[in-house]
Amino acid sequence: MPGLMTTGAHESHGYLHPAGESWRYRWLPAPEGERDQVVMVETNDPDMVGAIAQARRTLPAFWQVFERPEHGESKFALKVLVTDQTGEEYFWATDIARRDGKILGTIDNDPRIVGSVKFGDRIEISEGDISDWMYMRNGKMVGNHTVRPLFKRMPASEVERIRKMLADP
C-alpha cells in the first residue's frame, strides 16, 4: 500500500510509517505559510530501505563529527521513530545532545499520527529508533540519505533545488 510523503513546515524533516504499510515523508522545509506537499511511496521500496540501512551504518561517522566538529559543521539532526497507541511516526529531531549515556533531541515536525509528542518537545532518543541523520557543513547538507530515493517522485525543479543543498548529491 502506498503512503504519503511530504515536505514539512518548521524546517521539518521526517516521515510517517502508519500501520507498518507506508511512509509519509518530509524531506525539506515547506515555504512559510504553505501546507506540506505530498508524494506516495511503498514501505518496502528497496531504495528507501537501502537509504535507511546506509544511514544506520554511517551513524558512527555522524557521532564522530558531532563530538568534534572541525570544518564548520552545525545544525545536527536525527530522524527518529516515535511510537504510541495511535501508531508510528518519524520525526527529525534537532538540538541534539548526548549526556550520561542518553541521546536527547527536540521534535522538529508537527505530528500527523502520534499524539504523544508535539513540535518543540524535548525527547529521549533510543539509538535503535534512529533512521537517518544530517548536518550542515559550509552551507551544504551532509547525510539525509532518505531524501535521495524520493528524487524519482519529486518535480525536477525540487530535485535540482535539493541537489544544490547536498554536499554529496
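Buried residues account for 50% of the 169 residues in the protein chain. The model is predicted, and its mean pLDDT is 79, with 76% of the residues reaching 70 or more. Over residues 1-24, however, the pLDDT is below 50, although this stretch has 122 contacts in the model beyond near neighbours in sequence. Residues 29-38 also stay under 50, and the model has 24 contacts for them beyond four places in sequence. Where pLDDT is low, the predicted coordinates should not be read in detail.

**Overall architecture**

The protein chain contains three helices and ten strands. Read from the N terminus, these elements follow the order β-β-β-β-α-α-β-β-β-β-β-β-α. Of the contacts between residues at least 6 apart in sequence, 53% join residues at least 24 apart. The chain exposes about 8500 Å², of which carbon and sulfur atoms supply 51%.

**Helix α3**

Helix α3 spans residues 156-165, and its buried residues are E158, V159 and I162. Viewed down the axis of α3, these buried residues fall within an arc of 100°, so they line one face of the helix. The face turned away from the buried side carries the exposed residues A156, S157 and K164. As background, an α-helix has 3.6 residues a turn, so residues three or four places apart point the same way.

**Aromatic pairs**

The count of aromatic pairs comes to nine. Two of them are set out below.

| Ring pair | Distance between centres | Angle between planes | Arrangement |
|---|---|---|---|
| F62 and F76 | 5.7 Å | 75° | edge-to-face |
| W133 and Y135 | 5.8 Å | 15° | stacked |

F62 belongs to helix α2 (residues 59-67) and F76 to strand β5 (residues 73-84), so their pair ties together parts that are 14 residues apart in sequence. F62 and F76 are both buried, and W133 and Y135 are buried as well. Ring pairs link F62, W63, F66, F76, W133 and Y135 into a cluster. A charged residue also meets one of these rings: R98 lies over the face of W63, at 4.0 Å from the ring centre.

**Two residues of strand β9**

Strand β9 covers residues 130-137 and includes I130; W133 is placed in strand β9 too.

I130 has a relative accessibility of 2% and therefore counts as buried. Beyond residues up to four places away in sequence, I130 touches R56, L59, W63, L78, K79, V80, I103 and I125. The C-alpha atom of I130 is separated by 9.0 Å from that of I52, and these two residues are 78 residues apart along the chain.

W133, with a relative accessible area of 6%, is buried. Leaving aside neighbours within four places in sequence, W133 is in contact with A55, T58, L59, F62, A77, L78, W92, V142, G143, N144 and H145. The C-alpha atoms of W133 and W63 are separated by 9.6 Å, and the two residues are 70 residues apart along the chain.

The contacts of these residues can be read beside the ring cluster. W63, one of the residues that I130 touches, is a member of the cluster. F62, one of the contacts of W133, is likewise linked into the cluster by ring pairs.

Note on methods
Residues numbered from 1 in each chain as written. Predicted model: local features only at pLDDT ≥ 70, side-chain atom pairs only at ≥ 80, totals over all residues. Heavy atoms only, no water. Helix = DSSP H or I, 4+ residues; strand = E, 2+ residues; numbered from the N terminus. Buried < 20%, exposed > 50% of the residue type's maximum accessible area, 1.4 Å probe, protein only. Contact = heavy atoms within 4.5 Å. Areas by Shrake-Rupley, 256 points an atom, 1.4 Å probe, with all protein chains shown as cover. Arc of directions from axis to C-beta. Phe/Tyr/Trp six-rings, centres within 6.5 Å; stacked < 30°, edge-to-face > 60°. Lys NZ or Arg CZ within 6 Å of the ring centre and 35° of its normal. pLDDT = per-residue confidence, 0-100.
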